Amino acid sequence: MPSHYDDLETRDDAERQEALARELPATLARAKTAPALARLLREVDPDKVRDRATLARLPVVRKAELSEAQKKSPPFGGYTTRLAAEFDHIFQSPGPIYEPGRREGDWWRLGRFLHASGIGRGDIVQNCFGYHLTPAGMMFDSAARAVDAAVLPAGTGQTDLQVRAAVDIGTTCYAGTPDFLKVILDRADEMGERLAITCAVVGGGALFPSLRQGYADRGIVTRQCYATADLGNIAYESEAVEGLIVDEGVIVEIVRPGTGDPVPEGEVGEVLVTTLNPDYPLVRFATGDLSAVLPGTSPCGRTNMRIKGWMGRADQTTKIKGMFVRPEQVAALVSRHPEIARARVIADREGEMDIMTVQLESPADSADNYAASVVDTLKMKGRVQIVAPGSLPNDGKVIEDRRSYD
């Protein structure tokens, strides 16, 4: 079992809150030196934002806003505290959207994940994340250096060469998407080669239980992380394999989709991340992913918040009767009526016609109370159903499309 990466991982709640009270104001003050964030946080006094409750009052930054800002002010849209030429790398992800990078330290903080996976000095990591344009390759390259492991910068594709290199070099660890390792292993079998890989660190795709078990049957321990090009490491698995432990360099909130309002522990919602990176201090950045907070702390001894992992997408925008219905509109409906706990819009069909049903968790005894608000916020009429509080599924969905397109 690997020892902890540093003392930050095992802090108690009081220590973590004290650190947050110092780091949040400093991060926000630094963020206000970036032009776009200075405008967004114009009315915010950094010294008054010292905990999660006050952080939750700040506006949400969405990826669409970041993309639009980059079009107007390339390459980073005014969201960085450094000029483009002051970074070591500039990456282009699909969109296109541009992300900065630096060689200094473990800039994306993935070394913590590799350490938790048992990777360190003496290991050789076959890094099969892409090095071309997108940052994933450099993110894991930096992580390997942080734990003193050697790196084969293999990139994607070229399966025969991947097998040959793994055999000749004696690769001990794989880094890449969950499924590409199987491609390499299957090809090695066909070539009659036996690989020395005993551990895999994966991201960028779903690690299905059957795939993890298949690797385990070959003697390969597989761990996954949740990271993005914008934010770096967000959360990661440890040897406990009970949810994902939130990284020490970010603050994660789970909010009701379409809003910035935190949901109760255990309820599925959208992942918002505030990164404490002084060069790229994104504040309440909406990932568009769904997850939920797990209660308690990890059996491995790491004490930070845990989340369940990826549970779907929060952007559930759906066209009904030719009109788009967005999570923000559903949130606006709920906010008009304090007695509504949760709402769910269901798109279905009767014959060849779209129908919309709005389910509301409310103690009210008449759906008529909400008909006008439904039309006003969702811009169309629909059936309104009152359901018992707590009866809607805990899956993060506020819009459900039940129509079949077969």
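**Pockets and what lines them**

By class, the lining of the largest pocket holds 21 nonpolar, eleven polar and eight charged residues. Here Ala, Val, Leu, Ile, Met, Phe, Trp, Tyr, Cys and Pro count as nonpolar, Asp, Glu, Lys and Arg as charged, and the others, Gly among them, as polar.

Quick housekeeping: this is a predicted model, where local features need pLDDT of at least 70, side-chain atom pairs need 80 or more, and totals for chains, interfaces and linings use all residues. Residues are numbered from 1 along each chain as its sequence is written, and side-chain values use heavy atoms, with hydrogens and water left out.

A pocket, on a 1 Å grid over the protein atoms alone, is an open set of points where a 1.4 Å probe fits, with protein on both sides within 12 Å along at least five of seven lines; lining residues have an atom within 4 Å of a point.

So what sits nearest the centre of the largest pocket? That's Gly203, Gly204, Gly205, Tyr226 and Ala227, out of 40 lining residues. Strand E8 gives the most, with five residues; strands are DSSP runs of E, at least two residues, and helices runs of H or I, at least four, numbered from the N terminus.

Now the second largest pocket: 32 residues line it, and Gln17, Arg52, Val252, Asn304 and Met305 lie nearest its centre. Helix H1 gives the most there, with six residues. The lining divides into 17 nonpolar, five polar and ten charged. Strand E11 is also among the elements supplying at least two residues.
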